[in-house]
Amino acid sequence: MSRAVLFAVGLVVFLHRPAWAQKTDVVKLVNGDTLTCEIKLLDLGRLQVSTDDLGTVYIEWDKIASVTAARVFRVETAGGLRLLGRLATTDPKHLDVVQETGVVQVDRPDVVYIVPINRRFWRQMDGSFDLGFSYTQSSGIAQLNVDASTVYRRPTFQVTGSISSYYTLDDDGDDTSRHALDAGGVRYFGRRSLWLLQGGFMRNQELGYDLRGTVSAGVGRFVARSNRNYFAVGGGLSTSREVPTDGDATQELEALFAVRQSYFTYDTPKTDIGMSADIYPSLSSWGRIRIEFDGRVKREIVKDFSIGVSVYDSYDSRPPSEDSRRNDIGVSLTIGWTF
């Protein structure tokens, strides 16, 4: 029995040797500390690395003096330059990408994205979860909101998903709710451009429909992108099917104009400010315009936990039900956890 146990232990050790050997990347900080690690991702101004002793560590990009890695990575700059190669540092101001055809040197502050090739699925995902609640005794109205989002990143594309629910509970029995499920993907081409595909379902009783399903496709472009912020615009076509609270279902063909903006800092306390706006002028019901706006401000209170304010506004110049409102606006205080 002891020989079998020893054989099993030896087999496990042998099979795990490649995994241990992956942690051969070297990151040196400006304070002189050195980490032997596995580089997992640089995005939004933070380098994510895995270490044997400390687990997963996030390091602000401007706190790093040098990076050395023998594996192949995809490197992207703020100007949209994309490179494949090993990583090296010959001076603190530059990052060397060692390719088969030679070495390309880029300014380190301009590097906004690094991802190793052939990473495992779960290590490429990030997400967040937020929960908010408010109650006013004088009005007898309580509000509950839940938001969750996740993103899966690859060198040439990115897939996102999100769920949000808002409940308004009234002591008089006039309860309302708003639910949204969205998924989308972008594929990069050129230096700053991307193809986009997105779809989702929404229920909003305030605007007079039980369900709206939307599918959109188009093209976008990064107007600005750095390790502190990004601003992107896009446009395309969209089709939607609406099931009103009363009446027959209708099909709409719409144009799409989209805006995305985000600003973030990772020095304690972390701050995240962002907004998204989608404008849908109808092509089949001329004169009708829909707008979906979401905004957020989050600030860290303790490690990985934050408080924030989220705002949404759904506007329909011609809602499907005559008795429905044109605007549905909500503001919530949230407590969040980032993983």
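Predicted model: local features only at pLDDT ≥ 70, side-chain atom pairs only at ≥ 80, totals over all residues.

Student: Okay. Is Arg225 buried or exposed?

Tutor: Arg225 is buried, because its relative accessible area is 14% and anything under 20% counts as buried.

Student: And how far apart are the C-alpha atoms of Arg225 and Asp110?

Tutor: They are separated by 9.4 Å, while the two residues are 115 apart along the chain.

Student: Back to β15, then. Which strand is joined to β15 by 11 bridges?

Tutor: That's strand β14, residues 193-204; β15 itself covers residues 209-225, and the two run antiparallel. As one point to look for, Leu197 stands opposite Ala217 in β15.

Student: How many residues sit between β14 and β15?

Tutor: Four, and the two strands form a hairpin. Look at Gly208 in the turn: its phi is positive, about 90°.

Student: What about β15 and β16, how many bridges do they pair over?

Tutor: They pair over 15 bridges, again in the antiparallel sense, with β16 covering residues 229-244. This pair also forms a hairpin, with three residues between the strands. Arg221 stands opposite Val233 in β16.

Student: New topic: rings. How many aromatic pairs does the structure hold?

Tutor: Four. One of them is Phe222 with Tyr230, and that pair is edge-to-face.

Student: Why does it count as edge-to-face?

Tutor: Because the planes are 85° apart, and over 60 degrees counts as edge-to-face. The centres of the two rings are 6.3 Å apart.

Student: What sits over the ring of Tyr58?

Tutor: The charged end of Arg46, 4.3 Å from the ring centre. You can find a second case at Tyr280, where the charged end of Arg290 sits over the ring, 4.4 Å from its centre.

Student: Let's go to the surface. Which residues form the nonpolar patch?

Tutor: Phe129, Leu131, Ile301, Val302, Phe305, Ile307, Ile335 and Trp337, with about 760 Å² of accessible area together. The elements that give two or more residues to the patch are β10 (125-136), β19 (289-302), β20 (305-316) and β21 (327-338).

Student: Where does Ile335 lie, and is it buried or exposed?

Tutor: Ile335 lies in strand β21. Ile335 counts as exposed because its relative accessibility is 55% and the cut-off for exposed is over 50%.

Student: And which strand is Ile291 in?

Tutor: Strand β19. Ile291 is partly exposed, at 29% relative accessibility. Its C-alpha atom is separated by 6.7 Å from that of Asp316, which is 25 residues away along the chain.

Student: Last one: where is Leu29?

Tutor: Leu29 is in strand β1, residues 25-29. At 16% relative accessibility, Leu29 counts as buried. Leu29 and Ser66 are 7.0 Å apart in space, C-alpha to C-alpha, and 37 residues apart in sequence.

Terms used
Residues numbered from 1 in each chain as written. Heavy atoms only, no water. Phe/Tyr/Trp six-rings, centres within 6.5 Å; stacked < 30°, edge-to-face > 60°. Lys NZ or Arg CZ within 6 Å of the ring centre and 35° of its normal. Pairing = 2+ DSSP bridges. Patch = residues over 30% accessible without salt bridge, like charges linked within 9 Å, V, L, I, M, F, W, Y side chains within 5 Å. Areas by Shrake-Rupley, 256 points an atom, 1.4 Å probe, with all protein chains shown as cover. Salt bridge = Lys/Arg side-chain N within 4 Å of Asp/Glu carboxyl O. Buried < 20%, exposed > 50% of the residue type's maximum accessible area, 1.4 Å probe, protein only.
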